[in-house]
Amino acid sequence: MSLDPGFWALQTLNALQLSMLLFLLSIGLTVIFGLMHFVNLAHGSLYALGAYVAAAAATVGGYWTGFFLAPVAVAGMGILLYGGLIKRMRKSGPMAQVLVTFGLIFALLDLTRIVWGDIALAIEVPSLLAGRVSLFGIDYPVYRLFIIALGLAIFAALAMVLKRTQIGAMIRAGVDNDAMAACLGINVERLFFIVFCVGCALAGLAGAVAAPLLSVTPDMGLQILIPTLIVIVIGGLGSLQGAIAGSLIFGFVQTFGAVLAPQLASVLIYALLAAVLVIRPMGLFPAKG
Amino acid sequence: MFQHSALRYTALILLAVGAFAQAVTAGYFGLEVLTEILLLAMLVLALDMVAGFGGMVSLCHGALMGVGAYAYAILTTKAGLAPPVALGGSIAVTGAAAWVIGAIGARAHGIYFIMATLAFGQMAYSYVFEAPFFGGDDGMGGIPRIDLSLIGLDLNDSRSFALFCLALLGAAYGAAVLILRSGLGRSLTGVMHNEQRMRALGLTVWRVKADVFGLSGMIAGLAGALAAQHVMYISPGLLAWTVSGEALVVVILGGLGTLVGPMIGAAAFVILKHEVSNVTSHWHLVVGVLLIAVVMSRANGLFGWIEARWGARLERRLSDMTRKSDAEEITTDA
């Protein structure tokens, strides 16, 4: 263990970077749940799909093509899923939804394997973001700083939209009481469709952003799913504050746990989740009081 | 409350006869598949007890099975206990662990209960994965099977072991039926239908949930201890949440809350897995599409569908028969 300030700065940045990646994933999932009580376990698979699209596009047109194409492609996939499955599952209980999306995980996993094969793909960090920069007395990769900045920017943009715009007010009303919102003339169904597409696009974006850091493999969606679910349950379903708080808690506990208490690190986060569920069964910042 | 209908008895007899015939006639590979089916059937039986009759959809039953397997391995190889004692010990350990999980999770409902059980299961998984005492990600080997030479059975022979598993599955099924028919089981179903009313009637709801969850954990622990003996090697992969997810899929494909259905589902699942794997490596795609189709069809799995379609007709015919024989009895008595 080291008391060197550089060590703390490095681990803090690592924790922030992990948090922001998780935030991009969890925000879509949590608002989808809050607005329509829909549990989409296949969210992680959409993230994997985003990474694959980004990797495939990067080999043709460079990193930025993939970066912009992945969210669009995954949102397109989201529209297909919405029309084909999710719209019909709206009225079913959470159990049926969990199972259908669990089936989707299996199906999407094998579909990515069929299209892209089993071999891990890797893409290069774009030249603009390559290299390292000196910060707080340490050298840190620019690309990871870019992820932190992107996460913060998206958080700010979403907070702005939710707080200040009309559609944000409509979403908040829908999360709070969807039947009443519908009575007031808000088309909750269309609102949900929009939120679902944005959530899918953000999952695709997270996949594209994560692709150069981690290798792109078919099971990356399964691996990220559990952390994302932990984030939204700790944070409380349906709220922006919950998603960012949960992501930060997860990122910091995971990163500092791994360096300070490697024996306990993996158990620590699950113990924290169990503790939150016992003390505050609805999470730290539930959308509904 | 769980009740046997004529259809369920028929299915049970068919399953038992089929399994027994397979155990007597099959070759080595067939016996391995049969044992795999029997162990999965035991696990889904335990899961159906809590999910189908208590609404407690658990994503930690795979991990509980893993706890049973690890407890058996530790008790035999490290503590040096005799295998039958270790079997009892592993059942007790798993039951206790499940009771604690059930007690803590009792307050949570729906998706929160699923998440809580997922958290405990993953906690066990990551602990075992990291701990050198449990062999870490290398797993543990050299696990002995129970010695039944006293009654003339050599369990190191696959045929005897399959028959042994079949007998224990029968016992586990009997125990599950008895539990669900007892006051405890009826209270649990009452809690599932209306928790507030049961509380108003003076029931300690969390105790009921924890007790049944613990009993279900004991069955899962038995399945785990047998799985450890079957392969004679265990790895942390046994505890991963995907195992629990797969068990849940089997329960749903078979028919939630029918006990018989999930066991049929287990047989169909394992056989289908081996058949599809012969043709293509994309077994998961098949399961995924099948699962989506079954859930979207709104039928209660394979067995639930059969029950809904033919159950009523069959029951009527059978009750007609009994009524006729009753009438004959009355006339002869008179």
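B:F129 is part of helix α5 (residues 110–130) of chain B. In this predicted model, B:F129 is a buried residue, because 20 other C-beta atoms lie within 10 Å and a residue counts as buried at 20 or more. The points below take up its surroundings, then each chain, and finally the contact between the chains.

**Surroundings of B:F129**

- Leaving aside residues up to four places away in sequence, B:F129 touches B:G136, B:D137 and B:P236.
- B:F129 and B:L238 are 109 residues apart along the chain, yet their C-alpha atoms are separated by 11 Å.

**Chain B as a whole**

- Chain B contains 13 helices and two strands.
- The radius of gyration of chain B is 21 Å, which agrees with the value near 20 Å that a compact globule of 334 residues would have.
- Taken along the principal axes, the C-alpha atoms of chain B fill a box of roughly 75 × 55 × 45 Å.
- Of the 334 residues in chain B, 51% are buried.
- Among the contacts in chain B with a separation of 6 or more, 78% are accounted for by residues 24 or more positions apart.

**Chain A as a whole**

- Chain A has 11 helices and two strands, arranged along the sequence in the pattern α-α-α-α-β-β-α-α-α-α-α-α-α.
- For 289 residues, a compact globule would have a radius of gyration near 19 Å, and the 19 Å of chain A agrees with this.
- The C-alpha trace of chain A spans about 60 × 45 × 35 Å along its principal axes.
- Buried residues account for 48% of the 289 residues of chain A.
- When contacts in chain A between residues at least 6 apart in sequence are considered, 76% of them join residues at least 24 apart.

**Helix α1 of chain A**

- Helix α1 of chain A covers residues 5–36, a run of 32 residues.
- From its first C-alpha to its last, α1(A) reaches 45 Å, close to the 46 Å expected at 1.5 Å a residue.
- A bend of about 30° occurs in α1(A) at A:S26.
- Because 23 of its 32 residues are buried, α1(A) is largely enclosed by the rest of the structure.
- The residue that follows α1(A) is A:H37, which has a positive phi, near 55°.

**The strand pair of chain A**

- Strands β1 (residues 132–135) and β2 (residues 138–141) of chain A pair in the antiparallel sense, over four bridges.
- Within this pairing, A:V133 has A:Y140 of β2(A) as its bridge partner.
- The hairpin of β1(A) and β2(A) has two residues between the strands, and A:F136 adopts a positive phi near 45° there.
- In a regular strand, side chains alternate between the two faces of the sheet.

**Contact between chain A and chain B**

- Chain A and chain B contribute 31 residues each to the contact.
- On the side of chain A that touches chain B, at least two residues each come from α3 (63–89), α4 (94–116), α9 (220–235) and α11 (265–279).
- With 15 residues, α4(A) gives the most to that side of chain A.
- The residues on the side of chain A that touches chain B comprise 26 nonpolar, three polar and two charged.

Definitions and conventions:
Residues numbered from 1 in each chain as written. Chains lettered and ligands numbered in written order. Predicted model: local features only at pLDDT ≥ 70, side-chain atom pairs only at ≥ 80, totals over all residues. Rg over C-alpha atoms; globule rule 2.2 N^0.38 Å. Buried ≥ 20, exposed ≤ 12 C-beta atoms within 10 Å, placed from the backbone. Contact = placed C-beta atoms within 7 Å. Expected span 1.5 Å × (residues − 1). Bend = angle between axes of the 7 residues up to and from the residue. Pairing = 2+ DSSP bridges. Nonpolar A, V, L, I, M, F, W, Y, C, P; charged D, E, K, R; others polar.
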